[in-house]
Amino acid sequence: MKRNHFLKFIGVTVLFVLLLALKSFTFLQNKFTRNQLIGKGNPDIVGDSYTSKMHKEAKVAFLKMKTEAKKEGINIEVVSAYRSFQRQKEIFDRKYKKFTSQGLSPSEAIDKIIEYSTIPGTSRHHWGTDIDIIDSNAPRSKNVLNEENFYGDGPYCKLKEWLNVHSESFGFYEVYTNNSKRKGFKYEPWHFSYIPVSKPMLQEYKKLNLKAILEEENILGNEYFSEEFIQKYRTENILDINPELL
Ligand SMILES: [Zn+2]
């Protein structure tokens, strides 16, 4: 009998140690690499198109949310999900060339770009956790990601009202909120982030040396990213978001 007790004790101890080892292994696995954080390769991304590529966990939660919304006659459609570094660079370069050819100075062009768009390597869309969404059951306007579409008589006000009540229960939080004191990117009622993954990613992202990365990656207009500019961009554009996500 005593021997049985002893074996049971050993068994439980071994199990406990194994569980601990598994937990620390998972913890190690959860660390994000520099490239993962700046949109240059992420093994957790699933999907095959611009609107379906997402972090695998965000995708599962998104599909649950979509199914629930459908019951209310809302068909949530993703217009933008995971965006690679390269794709963001194309967007940034195109705008940079356009604005400077219109006569803006490089610094003015950069300021104009970052009203809505990010500098490559700094987009939350690089993480696969953030999505821009509309309601495909509603009439489609030319410029779908427009604040007015989400309020009043706008085509997506039903979606917005539903998201206000339900999105957080699926893990999706608004990022660039309608808070007049908030700086950085303008209000984006369409942009939601899957908090269980994006919150730890932001914590890791904060440890990166942004200036060094932008230099290494040879971003257009890079010589105008002064220390002061980067600091302001980090404080306002990257970190002045919905405080729940910090
Ligand atoms: Zn977005």
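Student: Which residues of helix H7 are buried in this predicted model?

Tutor: Helix H7 spans residues 195-205. A residue counts as buried if 20 or more other C-beta atoms lie within 10 Å of its own. In H7 the buried residues are Ile195, Val197, Ser198, Met201, Leu202 and Tyr205.

Student: Within what arc do the buried residues of H7 fall, seen down its axis?

Tutor: An α-helix has 3.6 residues a turn, so residues three or four places apart point the same way. The buried residues of H7 line one face of the helix, because the arc that holds them, viewed down the axis, is 160°.

Student: Which exposed residues does the face of H7 turned away from its buried side carry?

Tutor: The buried side of H7 is covered by elements including helix H2 (34-37), helix H3 (56-70) and strand S4 (130-135). On the face turned away from that side, the exposed residues are Pro196 and Gln203.

Student: Which strands stand at the edges of the open sheet of four strands?

Tutor: The strand order is S3-S4-S6-S5, with antiparallel pairing. Each edge strand has a single partner, so one side of it is left without a neighbour in the sheet. The edge strands are S3 (76-80) and S5 (172-174).

Student: How are helices H4 and H5 oriented to each other: parallel, antiparallel, perpendicular or oblique?

Tutor: H4 (residues 85-101) and H5 (residues 106-113) pack with their axes 9 Å apart, at an angle of about 130°. Angles over 145 degrees count as roughly antiparallel, and 65 to 115 as roughly perpendicular. The two helices, H4 and H5, are therefore oblique.

Key. Residues numbered from 1 in each chain as written. Predicted model: local features only at pLDDT ≥ 70, side-chain atom pairs only at ≥ 80, totals over all residues. Pairing = 2+ DSSP bridges. Buried ≥ 20, exposed ≤ 12 C-beta atoms within 10 Å, placed from the backbone. Arc of directions from axis to C-beta. Contact = placed C-beta atoms within 7 Å. Axes fitted to C-alpha atoms, helices over the stretch in contact; angles between N-to-C directions. Parallel < 35°, antiparallel > 145°, perpendicular 65-115°, else oblique.
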